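The following exercises concern a single protein chain and are to be worked with the sequence and coordinates at hand. Each task is followed by a solution set out in steps.

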Amino acid sequence: MTANGVFSALSFDGAKLSFDGVDAAGLQAQADWSGWVRLDVTHADCKQWLSKLLPDVPKAAIRAMTAEETRPRLENYGAGLLLILRAANLNAGKEAYDMASVRIWADEKRVITVQRQRIRALEDVQKQLGTADNGLVGSGAVVAAINLRIIERLDPVLMELEDTVFSLEEKTLDNPESALRHDITASRKEATMFRRYIAPQREVLLRLKGITLGWLESRDQFLFLDAFDHLTRFVENLDAIRERCQILHEELTTMLADQLNQRMYILSIVSIIFLPLGFLTGLLGVNLAGIPGSEDPLAFDIFLGVLIVLIVGSVVFLRVKRWF
């Protein structure tokens, strides 16, 4: 959590804004400032900051920026845009697919981003803004840079997921084990969770690249189109990963069932061979008078010979019948 609810407040040339370091309570409402402000929505003063920095913005947009749960969306309020995106959650102890929400208000002079967790993509763009000749000459350029950086941060995460599924495919073919089911299910869940946010985010960018506003330049629109193409590829890859995991799970289930059937088959062969032996030993093992050969000293050897003949006969019979 930040001390005053503000992560950073920079003009578009990278310089700090005059109200940086000021508490929200001491700030007069400002509608004429220009730059990018990053706010911490978990701070108690976040709504106060928004009301003073954006006094002319509809309350519905303010409520959307501070909502507990959000999904990717785009709303056009006159000359301003409310844009809610999702970024890979790269924080320690978090899963990347538990994507962090980025809430953006942008108009001709101002960009305000609100976040609940640390988002590396925003920090990257902030660093870029602080460098000379950064190319971020206005609100549209900053919004486009945020979109692209979110995708660039997402790319290696999804590539790692693809590599994991490829490795699971190799393991399944080489040595199918029931323990792989957990890993396959986890990978499929990960792909599903990513797609839950990336697919609607792609639709948001599709709408965004079609919006015409005076402060959105053709270069910004081209970057939105580029971001849309990247997200389309991500969605297609995630669909492919989910299908591969489904096929992999079915293949593993079939291979494990084959293994089980093979083991049961061997046990059946052994049972068939020893079934007559068990019957004879049980029959002659009863403690009753009149057991054949009970008085003959060669009876046990003869009985062992009969058992061996039965074993050999059973094996030959099953072999002729091609049971194994």
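**Exercise 1. An aromatic pair between strands**

Does Tyr77 count as buried, partly exposed or exposed, and what is its relative accessibility? Characterise also the aromatic pair that Tyr77 forms with Trp105.

*Solution.* The model is a predicted one.

Step 1. The relative accessibility of Tyr77 is 23%. Buried requires under 20% and exposed over 50%, so Tyr77 counts as partly exposed.

Step 2. The whole structure contains two aromatic pairs. In one of them, Tyr77 and Trp105 have ring centres 6.1 Å apart and planes at 45°. Planes under 30 degrees apart would count as stacked and over 60 as edge-to-face; the pair is accordingly classed as tilted.

Step 3. Tyr77 belongs to strand E3 and Trp105 to strand E5 (residues 100–106), so the pair ties together parts 28 residues apart in sequence.

Step 4. Trp105 has a relative accessibility of 3% and therefore counts as buried.

**Exercise 2. A second aromatic pair**

What is the geometry of the pair formed by Tyr97 and Phe194, and which parts of the chain does the pair tie together?

*Solution.* Step 1. The ring centres of Tyr97 and Phe194 are 6.4 Å apart, and the planes stand at 90°, which gives an edge-to-face pair.

Step 1. Tyr97 is located in the loop between strand E4 (80–87) and E5, and Phe194 in helix H5 (residues 180–208); the pair therefore ties together parts 97 residues apart in sequence.

Step 2. Tyr97 and Phe194 are both buried.

**Exercise 3. Thr70 and the largest pocket**

Where does Thr70 lie, and which residues line the largest pocket?

*Solution.* Step 1. Thr70 is placed in the loop between helix H2 (59–65) and strand E3 (73–77). Its relative accessible area is 7%, so Thr70 is buried.

Step 1. Beyond neighbours within four places in sequence, Thr70 is in contact with Ala64, Ile84, Arg86, Ser101, Arg103 and Tyr197. With Ser101 there is a side-chain polar contact of 2.7 Å.

Step 2. The largest pocket has a volume of about 160 Å³. Its lining includes Thr70, Arg86, Ser101, Arg103 and Tyr197, together with Glu68, Glu69, Asp98, Met99, Ala100, Arg116 and Gln117. E5 gives the most to this lining, with three residues.

**Exercise 4. Helix H3 and the largest cavity**

Which residues of helix H3 are buried, and which residues line the largest cavity?

*Solution.* Step 1. In helix H3 (residues 120–129), the buried residues are Ala121, Leu122, Glu123, Asp124, Val125 and Leu129.

Step 1. These buried residues of H3 pack against strand E1 (6–10), strand E2 (35–40), E5, strand E6 (110–115) and helix H4 (139–174).

Step 2. A search of the whole structure gives one cavity of 30 Å³ or more, and the largest cavity holds about 30 Å³ of space.

Step 3. The lining of the largest cavity consists of Ala87, Ala88, Leu90, Ile119, Arg120, Ala121 and Arg153.

**Exercise 5. Leu208 and its surroundings**

Is Leu208 buried or exposed, and which residues does Leu208 touch?

*Solution.* Step 1. Leu208 is a residue of helix H5. Its relative accessibility is 0%, so Leu208 counts as buried.

Step 1. Residues up to four places away in sequence being left out, Leu208 touches Leu74, Leu81, Leu83, Asn147, Gln221 and Phe224.

Step 2. For Leu81, the separation from Leu208 is 127 residues in sequence and 9.3 Å in space, C-alpha to C-alpha.

**Exercise 6. The two chain ends**

In which segments are Asn4 and Arg322 found, and are they buried or exposed?

*Solution.* Step 1. Asn4 is in the segment before E1. With a relative accessible area of 13%, Asn4 is buried. A polar atom of the Asn4 side chain lies 3.1 Å from the backbone nitrogen of Val6.

Step 1. Arg322 is in the segment after helix H7 (299–320). Its relative accessibility is 74%, so Arg322 counts as exposed.

Step 2. Most residues other than glycine have a negative phi. Arg322 has a positive phi, near 60°.

Note on methods. Residues are numbered from 1 along each chain as its sequence is written. This is a predicted model: local features need pLDDT of at least 70, side-chain atom pairs count only at pLDDT 80 or more; totals for chains, interfaces and linings use all residues. Side-chain values use heavy atoms; hydrogens and water are left out. Helices (H or I, at least four residues) and strands (E, at least two) are DSSP runs, numbered from the N terminus. Buried means under 20% relative accessible area, exposed over 50%, partly exposed in between (1.4 Å probe, protein chains only). A polar contact is a pair of N or O atoms within 3.5 Å; within protein, one must be able to donate a hydrogen and the other to accept it, and residues adjacent in sequence count only if both atoms are side-chain atoms. Contact means heavy atoms within 4.5 Å. Rings of Phe, Tyr and Trp (its six-membered ring) pair if their centres lie within 6.5 Å; planes under 30 degrees apart count as stacked, over 60 as edge-to-face and the rest as tilted. On a 1 Å grid over the protein atoms alone, a cavity is a set of points where a 1.4 Å probe fits but cannot get out, and a pocket is an open set with protein on both sides within 12 Å along at least five of seven lines; lining residues have an atom within 4 Å of a point. Grid points are joined across faces, edges and corners, and a volume is the space filled by probe spheres set on the points.
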